Amino acid sequence: MRTFASFEEVAEAAGTDIGSTDWVEIDQQRVDRFAEATGDHQWIHVDVERAKTGPFGGTIAHGYLTLSLVPWLGSQVFELDTPGAKLNYGVNKVRFPNPLLVGKRVRGHVAFGEVTDIPAGKQLVIKYTVEIEGETKPACVAETVVLLLAD
């Protein structure tokens, strides 16, 4: 776990790998709870029997479920302990190159991208890769943007 306590430390880490998380299994219960929370009950996610004969041979996690894991995965690798508020400003890019079959394990890989000055502090781009154990292509790649506001 790396802790960044100042804007200078964050800026110095721009363009570097921060680390990877432990593996975590994506089970059907998590997928079903996400379906309930979002109203997305597409059969490829929630109908285990039908999905066995579908295009992936089983149920798959929602792409947005995979994306929603990014903040939690990041919290296992780094902490932003800079003064002031930290705001989720958005996402520059998200792709889901590989379906995430239920029962597979994933881990997050984190790298800091560009750090730029803004009037209220710093803007940090964080690059996430959600890897699937045993697969060459990841489940998700995303660039998130965080505003680090001065105190």
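The protein has six helices and eight strands. The model is a predicted one. Along the sequence, the elements follow the order β-α-β-β-α-α-α-α-α-β-β-β-β-β. Taken along the principal axes, the C-alpha atoms fill a box of roughly 55 × 30 × 20 Å.

Of the 151 residues in the protein, 40% are buried. Among contacts with a separation of 6 or more, 69% join residues 24 or more positions apart. The accessible surface comes to about 8,100 Å², and carbon and sulfur atoms account for 48% of that surface.

In an unreviewed entry, UniProt lists residues 12–124 as "domain: MaoC-like". The span 12–124 is 29% helix and 33% strand, and its end C-alpha atoms lie 12 Å apart.

**Pockets**

| Pocket | Volume | Lining residues by class |
|---|---|---|
| Largest pocket | about 300 Å³ | 11 nonpolar, five polar, two charged |
| Second largest pocket | about 210 Å³ | nine nonpolar, six polar, one charged |

The largest pocket is lined by 18 residues, and those nearest its centre are Pro-71, Asn-88, Tyr-128, Thr-144 and Val-146. Two or more lining residues come from each of α6 (70–75), β4 (78–80), β5 (86–95), β7 (121–132) and β8 (140–149). Strand β5 gives the most to this lining, with five residues.

The second largest pocket has about 210 Å³ of space. Its lining is made up of 16 residues, and Ile-60, Ala-61, His-62, Gly-63 and Phe-96 are the closest to its centre. The elements that give two or more residues to this lining are α2 (28–38) and α5 (63–68). Helix α5 gives the most, with three residues.

**His-45**

His-45 belongs to helix α3, which covers residues 43–46. Is His-45 buried or exposed? His-45 has a relative accessible area of 5%, and it counts as buried because this value is under the 20% cut-off.

Which residues does His-45 contact, leaving aside its neighbours within four places in sequence? They are Gln-28, Val-31, Asp-32, Asp-40, Thr-59, Ile-60, Ala-61 and His-62.

Definitions and conventions:
Residues are numbered from 1 along each chain as its sequence is written. This is a predicted model: local features need pLDDT of at least 70, side-chain atom pairs count only at pLDDT 80 or more; totals for chains, interfaces and linings use all residues. Side-chain values use heavy atoms; hydrogens and water are left out. Helices (H or I, at least four residues) and strands (E, at least two) are DSSP runs, numbered from the N terminus. Buried means under 20% relative accessible area, exposed over 50%, partly exposed in between (1.4 Å probe, protein chains only). Contact means heavy atoms within 4.5 Å. On a 1 Å grid over the protein atoms alone, a cavity is a set of points where a 1.4 Å probe fits but cannot get out, and a pocket is an open set with protein on both sides within 12 Å along at least five of seven lines; lining residues have an atom within 4 Å of a point. Grid points are joined across faces, edges and corners, and a volume is the space filled by probe spheres set on the points. Ala, Val, Leu, Ile, Met, Phe, Trp, Tyr, Cys and Pro count as nonpolar, Asp, Glu, Lys and Arg as charged, and the others, Gly among them, as polar. UniProt positions are given in the numbering used here, feature names are shortened, and annotations may be inferred rather than shown by experiment. Accessible areas come from the Shrake-Rupley method with a 1.4 Å probe; for residues, only the protein chains shown count as cover.
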